[in-house]
Amino acid sequence: LVKRKWIRLNAISQGVFLTRDLVSEPANNLTPMLLAKEAAKLKKYGLKVTILDETKLKKLKMGALLGVAQGSVNKPYVVTMEWIGNKNKNSFDYSFVGKGVTFDTGGISIKPSNGMEEMKYDMGGSAVVLGLMKALAIGKSKSNVVGVVGLVENMPSGNAQRPGDIVKSYSGKTIEILNTDAEGRLVLADALTFTEKKFKP
């Protein structure tokens with residue numbers, strides 16, 4: 001009984017520590033690419049990790065997510081992490097999708113300077129998904145679970161999207177950008193549709 005509880009609690013603690021450590025990193029040490037690399041490290045726990053780079057995202061036509069990312073020199077990624085705890089089942093029991101905006105200036109609709117340093121925390125949702133997937137793998141969960149994170153940086157630049165722009169999402173629906181600081185729903189729109197279509201949880 002003690003050993004069984006230890007395995008479960010240790011798995012949870014390892015997941016919590018990973019999430020905490022990722023959220024604590026400054027944005028210059030945790031760009032979308034570096035966060036994708038952190039996800040890739042989870043392969044050693046038995047997770048299948050797939051990293052989609054900007055070229056693949058363009059082929060998939062994830063226009064909503066790409067629109068958020070286009071103002072930054074740091075390229076976007078979508079990362080999938082699969083845990084198969086029940087090999088007798090060919091479907092997923094659960095899916096978890098996280099927003100990974102490694103820094104959010106607000107883009108052209110720029111945020112006030114006071115407190116902007118805290119916008120490194122806008123990748124917290126993705127950090128939770130990474131921590132969860134690590135915990136499931138260490139704890140040898142009997143479920144089949146997929147985690148998907150959309151990783152971008154939202155910056156103002158000569159190439160950034162503008163209020164009034166219209167983007168075409170992965171679902172095929174068009175979205176008018178009224179405020180570039182409403183970037184999270186754009187990232188999640190494409191990540192959620194991708195998860196639904198590819199993994200059918």
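These are my notebook entries on a few places I looked up in this predicted model.

**Entry 1: the aromatic residues**

I began with the rings and found 3 aromatic pairs in the structure. One that I looked at joins Phe 92 and Phe 199: the ring centres are 5.5 Å apart and the planes stand at 90 degrees, so I noted the pair as edge-to-face. The pair links distant parts of the chain, as its two members are 107 residues apart. Phe 92 belongs to the loop between strand 2 (77–84) and strand 3 (94–104), while Phe 199 belongs to helix 6 (residues 183–199).

I then asked which residues form the aromatic cluster. Phe 92, Tyr 170, Phe 194 and Phe 199 form it together.

Lys 197 lies over the face of Tyr 170, 5.1 Å from the ring centre. Lys 198 has its charged end over the ring of Phe 199, at 5.6 Å from the centre of that ring.

**Entry 2: the cavity**

Searching the whole structure gives 1 cavity of 30 Å³ or more, and the largest cavity has a volume of about 40 Å³. Which residues line it? I listed Gly 67, Val 68, Gly 107, Ile 108, Asn 154, Met 155, Ala 160, Gln 161 and Thr 180. By type, the lining has 4 nonpolar residues, 5 polar ones and no charged ones.

I looked up Ser 126 and found it in helix 5 (residues 124–138). Its relative accessible area is 0%, which means that Ser 126 is buried. Leaving out residues up to four places away in sequence, Ser 126 touches Leu 35, Gly 98, Lys 99, Gly 100, Val 149 and Leu 151.

Ser 169 sits in the loop between strand 5 (166–168) and strand 6 (174–176). I noted Ser 169 as buried because its relative accessible area is 6%, and the cut-off for buried is under 20%. With residues up to four places away in sequence again left out, Ser 169 touches Lys 61, Gly 63, Ala 64, Ile 175 and Asp 190.

Lys 61, a contact of Ser 169, got its own note. Its phi is near 65 degrees, a positive value in a residue other than glycine. I wrote that down because most residues other than glycine have a negative phi. Lys 61 lies in the loop between helix 3 (54–60) and helix 4 (63–69), and is exposed, with a relative accessible area of 61%.

Lys 140 also has a positive phi, near 55 degrees. I found Lys 140 in the loop between helix 5 and strand 4 (144–154). Its relative accessible area is 52%, so Lys 140 goes down as exposed.

**Entry 3: Ala 40**

Last, I checked Ala 40, which lies in helix 2 (residues 32–40). With a relative accessible area of 23%, Ala 40 is partly exposed. What does it touch, not counting residues up to four places away in sequence? Val 49 and Ile 51 are its contacts. From Ala 40 to Thr 80 I noted 9.6 Å in space, C-alpha to C-alpha, with the two residues 40 apart in sequence.

How values were computed: Residues are numbered from 1 along each chain as its sequence is written. This is a predicted model: local features need pLDDT of at least 70, side-chain atom pairs count only at pLDDT 80 or more; totals for chains, interfaces and linings use all residues. Side-chain values use heavy atoms; hydrogens and water are left out. Helices (H or I, at least four residues) and strands (E, at least two) are DSSP runs, numbered from the N terminus. Buried means under 20% relative accessible area, exposed over 50%, partly exposed in between (1.4 Å probe, protein chains only). Contact means heavy atoms within 4.5 Å. Rings of Phe, Tyr and Trp (its six-membered ring) pair if their centres lie within 6.5 Å; planes under 30 degrees apart count as stacked, over 60 as edge-to-face and the rest as tilted. A charge sits over a ring if NZ of Lys or CZ of Arg is within 6 Å of the ring centre and within 35 degrees of the ring normal. On a 1 Å grid over the protein atoms alone, a cavity is a set of points where a 1.4 Å probe fits but cannot get out, and a pocket is an open set with protein on both sides within 12 Å along at least five of seven lines; lining residues have an atom within 4 Å of a point. Grid points are joined across faces, edges and corners, and a volume is the space filled by probe spheres set on the points. Ala, Val, Leu, Ile, Met, Phe, Trp, Tyr, Cys and Pro count as nonpolar, Asp, Glu, Lys and Arg as charged, and the others, Gly among them, as polar.
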